[in-house]
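Colleague: I am new to this structure and would like to learn how to read it. Could you take me through one residue and its surroundings?

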Amino acid sequence: VQLQASGGGLVQAGGSLRLSCAVSGHSYTFSRSAMGWFRQVPGKEREIVAAISRSGNSAFYADFAKGRFTISRDNANKMVYLQMNSLKPEDTAVYYCAADENAILTNIPERTDSYDYWGQGTQVTVSS
């Protein structure tokens with residue numbers, strides 16, 4: 001299973017970015033996976049940003065993401081997205097997408113160790 005994150009870049013504070021994560025893999029059923037976005041800065045632990053259930057009907061957001069970020073998914077095309085608005089310099093980090101394979105239908109995992117597969121990360125830099 002491969003996860004390919006994209007969409008990162010340099011943006012000014014207050015701006016927006018949309019991250020995308022394409023999932024592929026033989027015999028892998030995307031719709032059976034809960035998906036998450038995490039971020040990490042050097043010297044700190046990886047932290048959850050947002051996660052979404054298999055169906056896309058339920059989502060979890062970290063407190064810092066509430067009201068600014070939106071996670072969504074397209075099961076037909078095996079994609080997950082993170083729309084980030086009103087970006088702040090403290091949002092600067094490498095952002096990772098992750099998949100929890102065969103997740104319980106309504107589960108929205110928040111822990112890094114709940115996820116089975118990870119993308120390579122995409123850098124987001126927000127200038128002040």
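Modeller: Start with burial: Arg39 has a relative accessibility of 7% and counts as buried. Keep in mind that this is a predicted model.

Colleague: Where in the chain does Arg39 sit?

Modeller: Arg39 belongs to strand S4, which covers residues 34-40. Arg39 and Gly121 are 82 residues apart along the chain, with 8.4 Å between their C-alpha atoms.

Colleague: Which residues is Arg39 in contact with, leaving aside neighbours within four places in sequence?

Modeller: With those neighbours set aside, the contacts of Arg39 include Glu45, Arg46, Glu47, Val49 and Phe64. Glu90, Asp91, Ala93, Val94 and Tyr95 are also on the list.

Colleague: With which side chains does the side chain of Arg39 make a polar contact?

Modeller: One of them is the side chain of Glu47, at 2.8 Å. Another is the side chain of Tyr95, where the polar contact is 3.0 Å.

Colleague: How do I tell whether a pair is a salt bridge?

Modeller: Look for a side-chain nitrogen of Lys or Arg within 4 Å of a carboxyl oxygen of Asp or Glu. Arg39 and Glu47 form such a pair, with their closest N and O atoms 2.8 Å apart.

Colleague: How many salt bridges does a search of the whole structure find?

Modeller: The search finds 5. Among them is the bridge between Lys66 and Asp63, whose closest N and O atoms are 3.2 Å apart. Exposed means over 50%. Lys66 is therefore exposed at 52%, and Asp63 is exposed at 64%.

Colleague: What is the N to O distance in the salt bridge of Arg111 and Asp113?

Modeller: The side chains of Arg111 and Asp113 meet at 2.6 Å, N to O. Both Arg111 and Asp113 are exposed.

Colleague: Which residues do salt bridges that share partners join into one network?

Modeller: That network consists of Arg39, Glu47, Arg68 and Asp91.

Methods: Residues are numbered from 1 along each chain as its sequence is written. This is a predicted model: local features need pLDDT of at least 70, side-chain atom pairs count only at pLDDT 80 or more; totals for chains, interfaces and linings use all residues. Side-chain values use heavy atoms; hydrogens and water are left out. Helices (H or I, at least four residues) and strands (E, at least two) are DSSP runs, numbered from the N terminus. Contact means heavy atoms within 4.5 Å. A polar contact is a pair of N or O atoms within 3.5 Å; within protein, one must be able to donate a hydrogen and the other to accept it, and residues adjacent in sequence count only if both atoms are side-chain atoms. Buried means under 20% relative accessible area, exposed over 50%, partly exposed in between (1.4 Å probe, protein chains only).
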